[in-house]
Amino acid sequence: MRLALEAVGRQVAANQASVAWVELAPHADPETLAMYVCLALGVTVAGGGSPEQALVASLREADALLVLDNCEHLVHACGELVHLLLTSCPQLRMLCTSREALGVAGERAWLVPALSLPGDDAMPDEALNSESARLFVDRARDLLPAFSLTADNAAGVARVCRRLDGLPLAIELAAARINVLTPTQIAERLDDRFGLLRSSARSSLSRHRTLHAAVEWSYLLLAGKERLLLDRLSVFAGGFTLDAAEQVCAGGAIAESEVLDTLATLVTRSLVAMQEEEGRARYRLLETIRDFALKHHQQRADADNTFRRHAEYMLAFLRRHEPAVLLGRIAETQRLDVEHENILVALAWSAQSRQGATIGLPICWSTMWYWFHRQRWRDGFRQFETALATADNPDPENRAAALHALGIFGLMSADPACRNRMVEAEHIWRSTGNKRWLGFTLLCRTVEASLRRDPAEARRLVDETMAIARDVGDVWQIALTIAHALAPVLAWEGQWDELQGRLIESENGYREVGYEIGISYVLDARAFVAAQLGDNRQAARLACESLRVMPHFENRWLAGRTLKTLGAVAFAIGQFDRATRLFGAAEAIHRGIGANPLTEERRDINAVPGKLRESMAPDDFDMAWRIGAGLSFEDAVTYALEMEELFPTDRGSAAPVVHAPQPDGSAFGPGGLPRLQTGVLEVSALGPLQVRRAGQLLGPEALRHARPRELLLYLLTHTAGRTREQIGLDFWPDASPSQVKNNFHVTLHHLRKAIGRDFIRYDRGLYLIDHRKEILFDADIFEARVGDALASLRRPGTSSGARAAAVNLLTETIELYRGPFMASEPAGDWHIPVREHLYRLYTEGVEALALHHESSGQNSRAADLLLRILSTDSTREDCARRLMLALAKDGRRSDALRVFERLEKELSLELGVSPERESRQLAESIRRGDLPGNDSRAGLP
């Protein structure tokens, strides 16, 4: 209402127009809507007349703005009334507020966005730049006129606004509690937001007095399937994709095929928000809506089944990405970032439900390497501990895997109990004979022994670990064992020359499998060895290369180690201030993630800060340390990379990273390496559309909708890519931006589902076909080959051999043209220039071939080609003359004369003209048997 009042105020100020306002919230009967509006406007209905006629008569000449407020419960009736009034009253303007568009011709739907939000750590002045914080302050001052944002309460206000997703009514109701609670206390109580957010203001509509009533108003307007889907969608936290919604929420009263349309309705009614992430549509429920729907869902008999399907979906998702996450692939790791809240929901349900007793450990194990690479060791430890405690009699190997994971996470966070867990896991692996996993556990035990300063046990363990890794023959496991188990032992023993060679072996293994984070780790280890041997130039080069490989992972644990290596180098060359800053930054990074730096074997490096303190004035040391500790992660890495500038010559470069193929998650190949599976996409659009994936023709079910087929061809012909806005103008020119957004992502979803997600990528705002994949598009092939052949035939001095090759290429290529581009496809005007261009190429190619055959005396072949052109354009008189001549020279005079007769008829019917003089003369010559000379082009203009 506030937004509508503002819009009306501006309209009145600009145009001095009269305004009529009708509040529809109190009225519930669509049959009497027109009468209700008449009463609100004071319009009299004459005896025997209808209220609709009375409204039209009253407003026909009115230069006015009519506002219908709160139309959502009367959408269809309002749409009919608005259409009638707008088509009957030419000067009338209307503004309607509703949770969904009315669907009236000429309607401009504007989706009201949530209020802008302050940052979590915004200072008072910064917070007031956000609309939500300003609204909170304004409403709070209605109760406490002296209220203002301060350094003490700004964070609390920001938290309230963010947790309420910028919803104006919710923020107003929260601010109404300011006379009894502080902003921080209000934020802390928002877990029970429906009990907290109430108002006693009698001037408000009843549905605006509590947050629960406001949400319930929208909920009760939904149809049964819409409510059911909304309830089921509440199991998702942090958002979901359309695929996820279809797999998790379908069943019973909702078929999978109905999920898309029902979801679109919820988006239209502003109960589900859609946003783009890397060119893909992602949906989410605002926290308030989710909280309401989740309470309803938990009261349904099938609630546990929805949570089970959600957990199963997440497990399948994790297993699909597990091989790539194991190798630290950034794209897949970021996908798990997006879904991490959903992973935690699935784990929470598995710990609480009997149905989930067997799924918790598999989910944990499939998430383990994500937690490891993202340094979420405490998250991983807690989840494995809970899953193991609530698991339903896990088999020995599942228990051993959980103990192994707990040992790793405990090791990384300096938990002294990690050794006992790894010892128990070791005993289980030995009893089951699982040699590969025994090797992994012994590897971790070796690291733990090194940290306990027990070099004898570490040497005993590492010898067996290396033997197992060699026996298993997995390149990745061998490289891992060398880098993390053998290297610390060799460092303890001071075997620097052997360590150098072993680390290079490990680096080569990591490069072979494309394990970039491992490469970064080994480069840092090699830098440490170089520093021990006094080669500071090499140490700085290798350490900086390590940081360049690593930063997009933001592996803060490893970055901290590398910064210490560079700090030791800086100390060795007398750069004390720089060295202190680097060590201060490294310590702050490790402290920030609660990390065990695992650097006992680097005792010389660990001693450097003490030496720096002895070498510098106390104030200088403290200042440099504070400056380093205050750097952001990105600034610390940038500062560390400046070390290379201290060695301006012979900087060199480490070997480039070898990127292994991206795994598809389906399986592992020999040696534990991910196996890549590819499929060729073949699209034939010259004539009836045919699409093949990996040689298999996609049936009508796969591409049953016209829009996805059109989008495929659109993107194939716009090779540089198109923005969503550009596509919207070509596909839905009359739709609003929100409608374009929804329509586009539904269309894109169907297309990706049909052909595979990897063939369409999103790059800096553009959607485009990924031509790095193997894609065969007949229009592209046709255009390129015909162009090459014609250029060769037209080039002066072309050799006979090159001319023959061009003729052969042209002969083969024109067979690709099975008909006009997108001949059987409904499409927008965008395709017409493409169709005309390809047809023009086709005719030029056919004519060039025909000319070649004519000049070679092969009149029958020339005639066949010319017939192709006339079959698509019967009024091409120049082609008709050439065909007549070719047929006559081939001894087929009667066929040649029939061509003239057809030409005469077509020109008369189509253009209302007669054949040209040259055509009539040629026909007469053929009748007399008096053909033109040997020049095959005789008779042509």
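The following questions and answers concern a predicted model of a protein chain.

Q: Why is Gly 103 called exposed?
A: The relative accessible area of Gly 103 is 66%. The term exposed applies over 50%, and Gly 103 is therefore classed as exposed. Gly 103 belongs to the loop between β3 (93-96) and α5 (124-127). Its C-alpha atom is separated by 16 Å from that of Asp 69, and the two residues are 34 residues apart along the chain.

Q: Why is Leu 907 called buried?
A: Leu 907 has a relative accessible area of 2%. Buried means under 20%, so Leu 907 falls in the buried class. Helix α42 (residues 893-910) contains this leucine.

Q: What makes up the surroundings of Leu 907, not counting residues up to four places away in sequence?
A: With those residues set aside, Leu 907 touches Thr 875, Glu 877, Gly 912, Val 913, Ser 914 and Pro 915. Such a contact requires heavy atoms within 4.5 Å.

Q: What makes the phi of Gln 375 worth noting?
A: Most residues other than glycine have a negative phi. Gln 375 is not a glycine, yet its phi is positive, at about 55 degrees. The residue is placed in the loop between α18 (360-373) and α19 (377-390).

Q: Is Gln 375 buried or exposed, and how do you know?
A: The relative accessibility of Gln 375 is 9%. The cut-off for buried is under 20%, and Gln 375 therefore counts as buried.

Q: What is known of the phi of Met 822, and where does this residue lie?
A: Met 822 has a positive phi of about 55 degrees, although it is not a glycine. Its place is the loop between α38 (800-813) and α39 (831-855).

Q: What makes a set of residues a nonpolar core, and which members of the largest one touch the most other members?
A: Members must be buried residues of the nonpolar kinds, joined through side-chain atoms within 4.5 Å. The largest such core has 159 residues, of which Leu 230, Leu 233, Phe 240, Val 272, Phe 384 and Trp 476 touch the most other members. Helix α24 (residues 475-493) supplies the largest share of this core, with twelve residues. Another core, of 70 residues, lies apart from it and includes Leu 713, Ile 760, Cys 879 and Ala 923.

Q: Which residues are in contact with Phe 240, leaving aside its neighbours within four places in sequence?
A: Phe 240 is in contact with Leu 233, Ala 245, Leu 263, Val 272, Arg 282, Tyr 283, Arg 284 and Leu 285.

Q: How do you know how the radius of gyration of the chain stands against that of a compact globule?
A: For 941 residues, a compact globule would have a radius of gyration near 30 Å, whereas the protein chain has 37 Å. Along the principal axes, its C-alpha atoms fill a box of roughly 115 × 95 × 60 Å. The chain contains 43 helices and eleven strands, and 50% of its residues are buried.

How values were computed. Residues are numbered from 1 along each chain as its sequence is written. This is a predicted model: local features need pLDDT of at least 70, side-chain atom pairs count only at pLDDT 80 or more; totals for chains, interfaces and linings use all residues. Side-chain values use heavy atoms; hydrogens and water are left out. Helices (H or I, at least four residues) and strands (E, at least two) are DSSP runs, numbered from the N terminus. The radius of gyration is taken over C-alpha atoms; the globule rule is 2.2 Å times the number of residues to the power 0.38. Buried means under 20% relative accessible area, exposed over 50%, partly exposed in between (1.4 Å probe, protein chains only).
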